[in-house]
Amino acid sequence: MKGVMVKLTIEEKTYSCQPGETVLDALLREHVNISYACKKGTCHSCMVRSADTLPPEAAQAGLKNTLKKQNHFLACLCRPEQDMIIKLPDQSEFYTEGTVVVNEMLNRNTLLLVIAFEDAFEFSAGQFVNLQRADGLTRSYSIANTPQESNTLEFHIRRLTGGRFSEWLHDEITVGDTIAVSEPRGHCFYLPERSEQGLLLVGTGTGLAPLAGILTDALAQGHSGPIYLFHGSREFDDLYRIDELRQLARQHQNFHYIPCLSGKHVPEGFTHGRVNEVALASFTDLKDWRVFLCGHPEMVNQMKKMTFLKGASMKDIYADAFFVTPV
Amino acid sequence: MTDTQNNQEATMSKTLYERIGGEAAVNAAVELFYRKVLNDYRINRFFDDSDMDKQIAKQKAFFTMAFGGPNNYTGRDMRNAHAPLVKMGLDNSHFDAVMEHLGATLVELKVPADLIAEAAAIAESARNDVLGK
């Protein structure tokens, strides 16, 4: 078999990969602690990321397009053609200090937090970061804006009763404070391909944050297919950005905004029902649609299944469920 | 040897996996198949749908195996993986239902009947391991 010996670099350490050998086999031979299972590209347990070069095409077979774009690849399928710098999934991450520039309430329990950075912060709308307090307490939050907006990140933070991190952000953080922010993560974002494709966005509560970023990004990149955003909560007071989203729907013919309320009191202009049920009832067939789901984990899992059964392909279903850390 | 003979030999030596279309064929079949399974009240309780991505990966492994493609599952892996389902009551009738959906999926994809028969025979050969017999 043709091939050359190449160097694999992981966190300052260098390993050799023999001609014809896969990255996984080379790392296992070198006793690197890497998770794996099937060794044939099916289970995705050994997914890692190339930090510098484009991985060989064959090593990205079966991955979601957003993962491919970030140079993720399967170590078991990768026979490298050149030296590579590899990042393992559990590798410690790099934090950047940012300064709080906006700190105001979006509704009775959701805080709008905008953090500014000295240099450009690279990310894709819809990704999330970890925020870290000086004592090391860390939580993940979705980014709500798009990278075009001048070195800032926007977050929607819901106050969780007894939630140490959210209460700290709500009660103690003020404009001018600094906060540590990790590199962006997650593969739930918009790619400007197949712009005629229908986009279905469904979110509960602050699940609107990543969806707002994805929506802004898709519209800015000239997405021409229909875009439906279903945002739900139990009560009217827990929705937010209603007027802005209605305004956006008036400006863009292909964008439709459907705010849903599952509680008893439903003012005019709002749809009564659970957001996932309302969204599903609105479509008979989701074949060829791209779906973004954010918010309550049960809602997200159930919608993954239901949108798949309605014809959406799994590779077109994107989700980042919130996992609420127990208090 | 004549060219015709050579061609015949080449066709004969190709695996079912190659003749049926390799990974592309697996990808085409998996989603069709899994929709049928999830919609089938006889068997959908055996398919844990809490992680759809993992389930799709498992179905992909199943089709790769049924097509005689590269896999390193042993009879023992099959037994261990399905043991919890056997405890839940997995029996021949459920295996038959899965075979039904496998056939229907391949017919829908217009796979020639002789290749479907080959794939069905490979899947059938795992029956005893899957059912823990």
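In this predicted model, the sulfur of Cys76(A) lies 3.8 Å from that of Cys46(A), its closest cysteine sulfur. That distance is too far for a bond, because a disulfide requires two cysteine sulfur atoms within 2.5 Å. Cys76(A) is buried, at a relative accessible area of 9%. Cys188(A) likewise takes part in no disulfide. Its nearest cysteine sulfur belongs to Cys294(A) and is 4.1 Å away. Cys188(A) is also buried, with a relative accessible area of 0%.

Elsewhere in chain A, helix 3 spans residues 164–171. Its buried residues are Phe165(A), Ser166(A), Trp168(A), Leu169(A) and His170(A). Strands of chain A contribute to their cover. Among them are strand 6 (95–107), strand 7 (110–116) and strand 8 (128–132). Strand 9 (138–142), strand 10 (152–158) and strand 11 (178–182) are also included.

Strand 6 of chain A contains Gly98(A). This glycine is buried, at a relative accessible area of 0%. Gly98(A) and Lys69(A) are separated by 29 residues in sequence. Their C-alpha atoms are 26 Å apart in space.

Chain B has 8 helices and 0 strands. Along the sequence, its pattern reads α-α-α-α-α-α-α-α. Of the 133 residues in chain B, 40% are buried. Contacts in this chain were also examined by sequence separation. Among those between residues at least 6 apart, 79% join residues at least 24 apart.

Within chain B, helix 6 (residues 92–108) packs with helix 7 (residues 113–124). Their axes come within 10 Å and cross at roughly 155°. The two helices are therefore roughly antiparallel, since angles over 145 degrees fall in that class. Their crossing is right-handed. From helix 6 of chain B, the contact draws on Phe95(B), Met99(B), Leu102(B), Gly103(B), Leu106(B) and Val107(B). Helix 7 of chain B supplies Ile116(B), Ala119(B), Ala120(B), Ala123(B) and Glu124(B). By class, the contact of these two helices comprises 9 nonpolar, 1 polar and 1 charged residues. An α-helix has 3.6 residues a turn, so residues three or four places apart point the same way.

Ile116(B) sits in helix 7 of chain B. At 14% relative accessibility, this isoleucine counts as buried. With neighbours within four places in sequence left aside, Ile116(B) is in contact with Gly103(B), Leu106(B), Val107(B) and Val111(B). Gly103(B), Leu106(B) and Val107(B) also belong to the helix 6 side of the contact between helices 6 and 7 of chain B. Ile116(B) and Phe62(B) are 54 residues apart in sequence. In space, their C-alpha atoms are 15 Å apart.

Helix 6 of chain B also packs with helix 3 (residues 22–38) of chain B. The angle is about 135°, and the axes are 9 Å apart. That makes helix 3 of chain B oblique to helix 6 of chain B. This crossing is right-handed. Helix 3 of chain B contributes Ala29(B), Leu32(B), Phe33(B), Lys36(B) and Val37(B). Helix 6 of chain B contributes Val98(B), His101(B), Leu102(B), Ala104(B), Thr105(B) and Glu108(B). The residues of the contact divide into 7 nonpolar, 2 polar and 2 charged. Leu102(B) takes part in the contact with helix 3 of chain B and in that with helix 7 of chain B.

A further helix pair spans the two chains. Helix 7 (residues 297–309) of chain A and helix 4 (residues 52–66) of chain B have axes that come within 10 Å. These axes cross at roughly 50°. Helix 7 of chain A and helix 4 of chain B are therefore oblique to each other. On the chain A side, Lys304(A), Lys305(A) and Phe308(A) make the contact. They meet Met52(B), Asp53(B) and Ile56(B) in helix 4 of chain B. By class, this contact has 3 nonpolar, no polar and 3 charged residues.

Definitions and conventions. Residues numbered from 1 in each chain as written. Chains lettered and ligands numbered in written order. Predicted model: local features only at pLDDT ≥ 70, side-chain atom pairs only at ≥ 80, totals over all residues. Heavy atoms only, no water. Axes fitted to C-alpha atoms, helices over the stretch in contact; angles between N-to-C directions. Helix = DSSP H or I, 4+ residues; strand = E, 2+ residues; numbered from the N terminus. Parallel < 35°, antiparallel > 145°, perpendicular 65-115°, else oblique. Left-handed = near helix turned anticlockwise from the far one by under 90°. Contact = heavy atoms within 4.5 Å. Nonpolar A, V, L, I, M, F, W, Y, C, P; charged D, E, K, R; others polar. Buried < 20%, exposed > 50% of the residue type's maximum accessible area, 1.4 Å probe, protein only.
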